[in-house]
Each structure stands twice: as structure tokens, then as C-alpha cells.
Amino acid sequence: MSTTAFAASATLLRLNCEAKHQARLFPDFSRRGRSKISKISLFASSQRKSFQFVVASSASVGSGGVAEIEAESAPRYYSWPDEKKPRVCILGGGFGGLYTALRLESLVWPDDKKPQVLLVDQSEHFVFKPMLYELLSGEVDAWEIAPRFSDLLANTNVLFFQDKVKLLYPSDHLVMNGPAKSSAGGSVLLESGLLIEYDWLVLSLGAEAKLDVVPGASEFALPFSTLEDARKVDLRLRELERRKFSKESLIHVVVVGCGYAGVELAATVSERLQDRGVVQAINVENTICPNAPPGNREAATKVLSSRKVELLLGYFVRCIRQVVDAKASEKPTKSIGVEGIAAEHDFGKYILELQPTEKGLQSQTIEADLVLWTVGSKSLLPQLEPGNRRGALPLNGRGQAETDETLRVNGHPRIFAVGDSSALRESNGRLLPATAQVAFQQADFAGWNLWAAINNRPLLPFRFQNLGEMITLGRNDAAISPSFIEGLTLDGPLGHTARKLAYLIRLPTDEHRLKVGISWLTKSAIDSVASLQSTLTKVISNS
């Protein structure tokens, strides 16, 4: 028997033995069907420390480090590499989750206290969301702002599982009054059927676009908050650019929402389309970016005006409906695939009914080829099925976990929440905004406080420090208002350079920063040479 086959058999025996004990601990599992047999393939990469659990529909021969075993559909226990060291499970690989893992890795630990860290995310890629707009403009490549987790964590001890969280079974609420001991803080069940027991848990599941507030929005509007969203929007724009290539057939794009995301999207799309399209931006308030520093808002207003973006302020969208374009559908064009993403809504236009929020404005109906939605978001925490109602997390109306000032979830001393999963209030009682800057800083504190909790040291209260705000307005345009110099705003090319440098510094690892920095520098040099050649050509032609 080969080593791989022997290991697979041993794993199967251990899983079957543990299933009985597991059924006593989690009675919900025992009620699920056990007669269904499936092939479970376990892929393990020792070099990249990443694992995928895939359920296959038919048998296949395992080879090359792949062990295939037959098992019941009951959950399988994950076996941590070291049973004695603390086990930290981080759910969600956004800014809060990934940067907490990297912070834990960077701290100095006693040999017997350094935790085993496991990061779980349903995506293969980490996404630096503030720079998704540059994908539409072509200023950055996908690998620069959306590297693979396995690449980022290759030189660390952090493990990565690509999977989706299904159930959470916290047990730390049962021993709240006692000291922190080595007993498990709870368990997490993943969709693949893997059951992970943890000592400490970090919730960083993020949020998704809230499209269910307006009839037709979920069917006909495209959100813009993930890498897949950006690819879909880019694909749709390319299809429209191919079909409507004349000035007599302009592309009509409507952006719903004029917060930072909506304004950045409107500025980027209007620059891309130029005179081939018309961009309209709708906002409930009578101004754009109402919470932005005045300098950023003024710079954004100036850019949108110069690109002839029509602002419909003081309106909300009552509904969206589709009108099929019969002429276009008679001559379908071949769709361009983008890594498996199919084109949606190939033909037709969309009608948006607008209702005014102030007196003196009239209801409007506008037409669009593409509707982009940037209004509202909802936490992904409520999507977790309750594994144990007695240990349910305290969630606010937005679906975020209520935490104390150390970022620990109220009533759960072994669970921390950061980013969109955390509902932490400032001293004035207002909830902290769900921004990348907040998540960055919370990850730093969460990592430190986990170190303190594991080493029986006092935890630090989180204090948000607003370092300023930035907004991208195109390929060579941005605005940045640092908080440490009141009234200062850098805009135009200078603001653009400052913003890119700030985000370059914030990229996850030194290795990735170096690669991206070289790439950006090379692109800048090429653009400079091209610009010089264009200028010389014009001078020669005019002489």
C-alpha cells in the first residue's frame, strides 16, 4: 500500500470514529442524511499551505499527492498540525482578516505560545477594493490589486482554506466568568463539510451590496464591490463599446449613489467612455459625498462637471425595469468571456423611475444601457446558519456583531470582530464607518489583543485615528485630504501620485509591494516615453 493510500485510509478511520463523538456534541448533524455517499478529494499543498475540499460526482484515480477516500456526508474534523499550540481561525480574507493574520505572524511569541493561524475565505484572491476602479480604467492589472492568498502567505506559517462558512458553534459563552484556558472556544462548519475546532476566532466576513431595497435592482443593476463585480462591469462596458461605436448611438450609464463609491465610479466610467457615452449619477441627498472633506468634494464636483456627468440630486430610485431592444436582439454579438464570467443582460435598455425627495422637483423617468449600484451594503454575518441559539452572536440592525472597545464580541471573550463584521461605536456614540482605513487599524489591534489574550496580558482599547480621506477621479486624477494638515487638499496629478503611494505602502506583504512598485514604475516610464513621442510627433507635423 502506498504512503498516500495508507494516509487516506487512516484519515477515513479517524473520521468515522470521531463522527460518533461529534454527533453527541452537535445533535443537529446527526439528523442529516447519512446514507448519501460522496467522493471527497483532499488537495494539500505543503509549499503554499493552501487546501481545497472538493466534492466530486464520480470516482477517479488519485495521483500526484491527491488522496481520494469514500466518506459519509457527516462533517469531517480538521486536524491541526500541533495539538498543543493555540488555534486561531480567521473567517474572511478582506482587509480585517488578512491583515490580522499577517499581524499575528509579525509579532514575537514564546515558542509554546505562537498560535496556529488558519484563514478561510470563499475566494481565491485577496482584493484591494479601493483600487477596483483602476481595473476599469486599465491603470492596474488584476494581479497587482487581487493577488492569490496562497501567494501572499507562501512565506508565512498561516494556512489558507478556500471555502465558505456555513455554521458557527461558539462555546466560550459557557465559561465567561472563568479564566482563559486551553479548552476550545467553539467550532466552525464549512460548506465542504469540514469542521474546524478553534481556541480563538476572528470574524471578518465583510459585506455585500444591498440590492433588495428597490424593485428590479437585484435583476438589472450591477454592484461594484468585488473582483467579480469589476470584471462583469468591464465586460458589459466592452460589449456596449463594441455595439455602439458611433456618436449617434451613445452609451447611457446610470450610477445610483453619489457617495465615494458612486462618484469614483462615475468619474472612471465617464473618462473611459469620453464622447461615446453619457453618465448620469443619482443621489438622495442634494450634494455629492456629503460626509467628505470640502476639498475632496470640490475636486470631485469639478471633475464630474468637466466630463459632463449629469447629477440628479435629491432623487431616489423607485423601481428599475427592462425594455427589450428587439433590433439588437435580432443580431446578437458574440460575447467576450472573462475567466468564466458570462455576459448578463446582453440586449435591451433599462428604465429607472425617480421620485424626488424635496419639494419643487418633478418625478423623472430615465433610460440606461447599464445601471451601476453603489447604495447600501449588508453584513454577511446573518447568513451564517445558527448552530447553537444559546450561543448566538449579538447582532445589531445592520447584522454586525456588537463588540466592546477591545474588539471582542459581547458575551464571547474568545471571538473578535473587525471591519464590516464589527459594530463598534466612537466616543460620540456613532458607529465607525465601514471603510478600509478602519479595517486596517482594527486588524492591527485585533492581532495585538489576540497576542495579549493568549499570553494573559491586558488588552488594548481600540481608538480609531482618521488619517484623512482619498478619492480617485481618473487615470491621472485624484484628491487626498490628510487629517494632520487642516484645510489641505492635494488634487489632480499630485493627488493621484500621493494616493497610489499611500496604497502601495498599504499592500499586504513586502514581496508584493516590491513587485507592484516595479510594475507601476515601469508603466509610468512607458507612459512618459509615449507622451514624449506624441508631443514630438505633433511638433514635427506642425513645423
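How many residues lie between β9 and β10 in the hairpin that they form, and which residue in the turn has a positive phi? In this predicted model, 3 residues separate the two strands of the hairpin, and Gly193 in the turn is the one with a positive phi, of about 100°. The pairing of β9 with β10 (residues 194-198) is antiparallel and rests on 4 bridges; within it, Ser187 has Glu197 as its bridge partner. On the β8 side, strand β8 (residues 165-170) also runs antiparallel to β9, joined to it by 5 bridges, and here Pro170 stands opposite Gly186.

Strand β9 itself (residues 186-190) is mostly covered, with 5 of its 5 residues buried. The cover extends to both faces: Gly186, Val188 and Leu190 are buried on one side, as are Ser187 and Leu189 on the other.

For Val253, the contacts beyond its neighbours within four places in sequence are Leu237, Val269, Leu273, Val278, Val279, Gln280, Leu370 and Leu372. In soluble globular proteins, nonpolar side chains tend to be buried together.

Ile485 sits in the loop between β28 (477-482) and β29 (490-491), and its relative accessible area of 39% makes it partly exposed.

Note on methods
Residues are numbered from 1 along each chain as its sequence is written. This is a predicted model: local features need pLDDT of at least 70, side-chain atom pairs count only at pLDDT 80 or more; totals for chains, interfaces and linings use all residues. Side-chain values use heavy atoms; hydrogens and water are left out. Buried means under 20% relative accessible area, exposed over 50%, partly exposed in between (1.4 Å probe, protein chains only). Contact means heavy atoms within 4.5 Å. Two strands pair if DSSP finds at least two bridges between them.
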